[in-house]
Amino acid sequence: MRIIAGRYKGKRLIAPKKLPVRPTTDMAKEALFNILNNRYHFEDLKVLDLFSGTGNISFEFASRGVETITAVDENANCTRFINRTAKELDFAITVIKNDVYRHLKNETAKWDIIFADPPYHLKTNQFMELVDLVFENNILENEGVLIVEHSDQTDLSESPKFSESRKYGSSVFSFFVSD
């Protein structure tokens with residue numbers, strides 16, 4: 001994986017092969033960040049990265065100037081890799097080893113962007129539970145957005161908070177906003 005833009009533009013990061021992850025492709029990540037770049041000033045954002053895996057998305061936000069980033073993943077090898085890489089790159093990323101659903105039930109901070117990249121094999125109701133927890137706990141700032149990455153086999157458009165989706169290859173980004 002590589003960092004696409006910002007302070008570490010072009011930097012390649014090599015994650016250990018044993019991590020149980022499916023990193024967002026560079027093509028999809030670049031498209032996502034083009035959308036976000038037109039909507040936000042990155043240095044003003046607070047970002048929560050759920051199912052953070054390799055930290056791919058967190059590192060991209062940090063390289064672009066986001067200073068408040070929390071990455072949550074339940075796999076200890078993933079959280080160790082994110083911590084080590086964040087220290088090497090001098091990124092102030094807070095890394096939490098926890099089950100994402102448990103974390104969301106107890107989250108009290110408010111976020112401008114919440115990005116979630118759960119395993120694609122989850123059932124639709126598990127994706128919807130994730131969306132519901134974010135909005136039930138009121139952890140998005142006004143004009144904040146929840147972005148859920150999923151396969152093109154999953155349809156999340158039935159959520160009342162659904163705004164739009166964008167498809168890149170077999171990956172889809174669904175966007176959810178407050179009323």
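User: How many of the 7 residues of strand 7 are buried?

Analyst: This is a predicted model, so local features need pLDDT of at least 70, side-chain atom pairs count only at pLDDT 80 or more, and totals for chains, interfaces and linings use all residues. Residues are numbered from 1 along each chain as its sequence is written, and side-chain values use heavy atoms, with hydrogens and water left out. Strands (E, at least two residues) and helices (H or I, at least four) are DSSP runs, numbered from the N terminus; buried means under 20% relative accessible area, exposed over 50%, partly exposed in between (1.4 Å probe, protein chains only). Strand 7 is largely enclosed by the rest of the structure, because its buried residues number 6 of the 7.

User: Over how many bridges do strand 5 and strand 7 pair?

Analyst: Two strands pair if DSSP finds at least two bridges between them. Here the sense is antiparallel. E149 has F173 in strand 7 as its bridge partner. The count for strand 5 with strand 7 is 7 bridges.

User: Which residue in the turn between strand 6 and strand 7 has a positive phi?

Analyst: Strand 6 and strand 7 run antiparallel, joined by 6 bridges. S165 is bridged to S174 in strand 7. The two strands form a hairpin with 2 residues between them. The positive phi, about 65°, belongs to G169.

User: Which strands do the buried residues of helix 1 pack against?

Analyst: The buried residues of helix 1 are A28, K29, A31, L32, F33, I35 and L36. They pack against helix 2 (56–63) as well as strands; contact means heavy atoms within 4.5 Å. The strands are strand 4 (111–116), strand 5 (140–151), strand 6 (162–168) and strand 7 (171–177).

User: What is the geometry of the Y8 and F91 pair?

Analyst: The structure holds 9 aromatic pairs. Rings of Phe, Tyr and Trp (its six-membered ring) pair if their centres lie within 6.5 Å; planes under 30 degrees apart count as stacked, over 60 as edge-to-face and the rest as tilted. For Y8 and F91, the centres are 5.4 Å apart and the planes at 90°, which is edge-to-face.

User: How many residues apart are Y8 and F91?

Analyst: Y8 is in the segment before helix 1 (26–37). F91 is in the loop between helix 3 (76–89) and strand 3 (93–97). Y8 is partly exposed at 23% relative accessibility, while F91 is buried at 8%. The pair links distant parts of the chain, 83 residues apart.
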